[in-house]
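Let's walk through this one together, a piece at a time. Have the sequence and the 3D view open as you read.

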Amino acid sequence: MSKTYISRHPLESRIPADPGIRAVDHLEVPQRVAIATVMAAEGGDAFVAAALAAAGDLSLRFVAPGEWLALSQLDTPEILQRNLSLLLAEAAHIVDQSDGRVLLRLSGPNVRRILAKGIATDLHPNVFEVGTSSNVLCGHISVNLARTGENEFEVIVMRSFAESLFDDLKTMGREFDLSVGFST
Amino acid sequence: MTAYRLSAGGLVDRTNRMDFKFDGRTMSGLSGDTLASALLANDQLLVGRSFKYHRPRGIVTAGPSEPNALVTIGQGSRSDPNTKATVAELYAGLDARSQNRWPSLKHDVGALNNLLSPFLSAGFYYKTFMWPAAFWEKVYEPIIRRAAGLGRAVLERDPETYEKVWAHCDLLVVGAGPTGLMAARTAGRAGLRVILADEDFRPGGSLLSETVEIDGMPAPAFAETLLAELRSLPNVTIMPRTTVFGWYDDNVFGAVERVQKHVAQPQAKLPVERLWRIVAKRALLATGAEERPLVFGGNDRPGVMMASAVSTYANRFGVASGKSVAIFTNGGTGYRTAADLAAQGIEIAVIIDSRADADDVAPTGTRVIRSGSVTDTKGKHRVSGIVVERSGFEDTIACDAVAMSGGWNPVIHLACQRGAKAVWSPELNSFLAPDVGNGLAVAGAAAGIYSLAACLSDGAGKAAAIIADLGFSAVSDVLPSVSGEIDPSFTALWYAPGAKAKAFVDFQNDVHVKDLGLALREGFGHVEHAKRYTTNGMATDQGKLSGINATGLLAAMQGISPADVGTTTFRPFYTPVAFGALAGTSRDEHAAPVRKSPLYNWAQKNGAVFVDSGLWYRPAWFARDGERTWRQSTDREVLNVRQNVGICDVSTLGKIEIFGRDAAEFLNRLYCNAFLKLPVGKARYGLMLREDGMVYDDGTTSRLSSEHFFMTTTTALAGGVMSHMEYCAQVLWPDLKVRFCSSTDQWAQMAIAGPKARHVVQALVEDDVSDAAFPFLAAQAVTLKGGLKGRLFRISFSGELAYELAVPAWFGEAVADAAMEEGRAHGICAYGLEALNVLRLEKGHVTHAEFDGRVTPDDAGFGRMVSAQKSDFIGKRLSTRYGLTAADRMQMVGLKPVEADKTFRAGAHLLREGAKPSTLNDQGYVSSAGFSPTLGHDIALAFLKSGRERYGERVVVWDKLGGTETVAEVCHPVFVDPGNAKLNS
């Protein structure tokens, strides 16, 4: 007997089907992003970093020395895994985290002011430039934060904390009428 | 206009009248007023009663140091007690009440305390209410607390919202007075990221009360010009209504912003207060100086005010503090106030100057008494005259207000909050900030620089130094010119001699000079002792007015320098901060994050009752129709697992992926048992010790390929084990080639346990899961029917034939649904933490109830697991020390009641039969206990001295909390299937 299993987004119960009017400050939740932890094997940090940077279709997030999250908005988790394995072979260890992490995208003119309510890191564009990413605390919750644009940040959170972080972000954005919705 | 509102002048908007209430009476003020200025304009000078003697007290200051004018603002759950009227911004509809009076402000019964005051001297609580000792808590303290006190805390839930925010800057300027504004402008022009914080609702500081001209403009207009420029600079943030209250490590400053304290109806989407944590590369204190009160007889009479406050009320708020004002001063400031009053046409009754000669010039026609002293004041609810004495000649002079000026105390609070002590300056007669290094500098009046021109120059100069220090280039700046300044220097006067009435030092706590003298005589002369003995400086104003005077008096009484007395310790907070602001949004569901398992929805729809387990919500049991208690559900779940099959969410266990050439060696050193030769495709139970030889955590680790291991930890220590491993890899053995990361959240993991488990698992996965193909402790990647990739482990916590199936988390609910569907024919049930616990208890499996940090592997029966062959592992050295190998250590045993209907509780202690309960006779304790539906009676795991030699012996289970003593038989801790036939079936 063959089965087809349905995948459920962890925030399904939190995000209304009809998102309503999109405000200038918006929290967008992509339906599915392939995410993998990439850990350079012994002494391979520089090679892995260079190879990942050269692979144009990946987004890279810094986690720790020699450790990154590699993201793909287009590929499935399996294809991302395979591509990374082909690219890095023995130079890195790869762990699929697509189900273990949830990506949230915050954008709008007040996004820095919203994030400052939970994150202690200085997000001034001269300090935290576009393309920068780091593990930071948002309130009580550890997240990976990346600046993807002048007024756009992506937050990657562990799946089990996603609902709490989502609720916290909504509270943080209340002042600016932050709207929320899945990517369309 | 009211009697005391001047006909013109001030920074109030005379076209915008605002009605407010004080003690139920409707009054009218103006936009730009504080509550205090509006009260003064309405001739409401009497605003409260003092803490101990209930003496009538009036407004003394025009700022945050106010000791008397404390009121409760708002009604019901929205009321704020102990709010200083001198900083409360007036708004239409404000509703304020006076405090510490009954039945009314004017007629207060508690004032009897004043008549009793000879018996209420310093330390009187300790002396009077010593005996009998039991009376203190039950009788004396409640009475004293009712008699003495200020506003009452509201016990209702606070309906307001608060939040916390981080901010970052190159330069934080604290205080937007002349010094701070110039510093911010200089730094802002140079391109620094500047935050300028000021506690007032209107930035400008003393400039708002100044009458001098700067660059040809009135001082408030000059302030507005600077502010307009600052507002135009994108790199400058001005934060009004923001009090910087604390200085912390790493140059982080705490500040509270009153976002909606000045509105009648707060907007729901904004907090009423915001707590800022400001990370500043540099900070500049431009907090100005606080005017020092004079200590003279009757100085607490309503109408006696600080001279600078009298000026501020006149110049900034257009309010006369009196119709005929006497001035008592020891320096130039009294003359400045005289000039301000003269300019407003307010009568000056007299100027009493404690100095013999001074260059200060009084307004024409004003009577000046040099070398004079005020010895008493007249009047009840407002001063009506003062008694003046000079060289033995006494005179009573009528007046309805007294402006006093005892010189200036630089506001250095923040600079002293991290341990450095204030430094006495004999030249300036005041304490100055210590040198606290680069992070924080002090400028202007806060640094003892009192002339306005010098403050403007110092603000710009100190900012320029910081600019250079941070590697920016300063933009050249022309300093503004000031005309018409007075010289604010003064000669210290700690005590006006000849007092004929109480001369108060601390107005709010009713501490007068004689209290300090008593403290000194009784051996409490050290400034910190005197503070506690007299309560000087312990009121809500924390000694802002009284602290330095107490130091000066204690020094003068002993004939020593104030430098030798020192100050009491400065600590955050500078002014009180509401608990709500400190909590921010971290309340209710935001108090702690909730972690949800990928099987949460599955559990919920199957009737789970959840329990907090750390941050996780885990199913405790799955209630079915007709089940009324948790025990009924749990017993059913346990029996069903033993007879058929059950499914349980184990996703919360910590999961760590470990890679690398040395991964096996790494694990071999982490665990006390051997892992080097674990075959690929196998799981092994592992015990981790601490360095001290005690068990730290346990779990299974599987080898998925030669250089890839998969570790599970207990739920509780998932984070702890990960940190431990990071420490080991980075600090202890950086030479090992190993990498690891958590995959806890990636997998939904379900235990499928029971004699019929194989049918269910085989229905789900393609791979052969027969005992031959997939024996006990097999572990490997599998493919589910339909192609989904998962992992399968043949491990068992229940003692049954059991598998743990892991699938990618987002598919967890669907796979668990399918397992329920496939299992229906086999009688499957979902089981929760309670059943999980009973099952493991029956099997004698341990948890952190057993591994509580005091237990060695041998204590728990794992002695043979500890590898003797391994050259080293964490905990090896200390596990052989004396005491850890002693024969009479408590060892884990099972207990069953001799009478089957008796029960056990964890925490009970064990005694020999007939022995009296005592520490000496203690034989051990129960770590886990519960009802075993399989056996039909309670069972327990316990630690008993030399327990393994005592199977069959009877012990008493002594439960002091439950009030029971139960006789139990000691037995082997495995109650069910000791031969592991079920496991291997």
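How many residues does the contact take from chain B and from chain A? Chain B puts in 40 residues and chain A 38, with contact meaning that C-beta atoms, placed from the backbone, lie within 7 Å. On the chain B side, S8(B) gives the most, with six residues. Strand S8 (162–174), strand S35 (654–659), strand S39 (739–742) and helix H20 (812–823) of chain B each bring at least two. By type, the chain B side splits into 20 nonpolar, eight polar and 12 charged residues (Ala, Val, Leu, Ile, Met, Phe, Trp, Tyr, Cys and Pro are nonpolar; Asp, Glu, Lys and Arg are charged; the others, Gly among them, are polar).

A word on ground rules. This is a predicted model, where local features need pLDDT of at least 70 and side-chain atom pairs count only at pLDDT 80 or more, while totals for chains, interfaces and linings use all residues. Residues are numbered from 1 along each chain as its sequence is written, with chains lettered from A and ligands numbered from 1 in the order in which they are written.

Now for chain A, which has four helices and 10 strands (DSSP runs numbered from the N terminus: H or I of at least four residues for helices, E of at least two for strands). Of its 184 residues, 45% are buried, that is, 20 or more other C-beta atoms, placed from the backbone, lie within 10 Å of a residue's own.

Look next at the open sheet in chain A: its four strands come in the order S3-S4-S2-S5, with antiparallel pairing. Pairing here takes at least two DSSP bridges. Strand S3 (59–64) and strand S5 (92–96) of chain A are the edges, each pairing on one side only. Five bridges tie strand S2 (residues 34–40) of chain A to S5(A), and Ala36(A) sits opposite Asp96(A). Across S2, S3, S4 and S5 of chain A lies helix H1 (residues 45–54), at about 150 degrees to S2(A) (axes are lines fitted to C-alpha atoms, for helices over the stretch in contact, with angles from 0 to 180 degrees between N-to-C directions).

Finally, hop over to helix H10 (residues 513–521) of chain B, where Val513(B), Asp515(B), Leu516(B) and Ala519(B) are buried. The buried residues of H10(B) line one face of the helix, because they fall within an arc of 160 degrees seen down its axis, taken from the directions from the axis to the C-beta atoms. Their cover includes helix H11 (527–534) and helix H12 (547–558) of chain B. Just after H10(B), Gly523(B) takes a positive phi of about 90 degrees.

Key. Buried ≥ 20, exposed ≤ 12 C-beta atoms within 10 Å, placed from the backbone. Contact = placed C-beta atoms within 7 Å.
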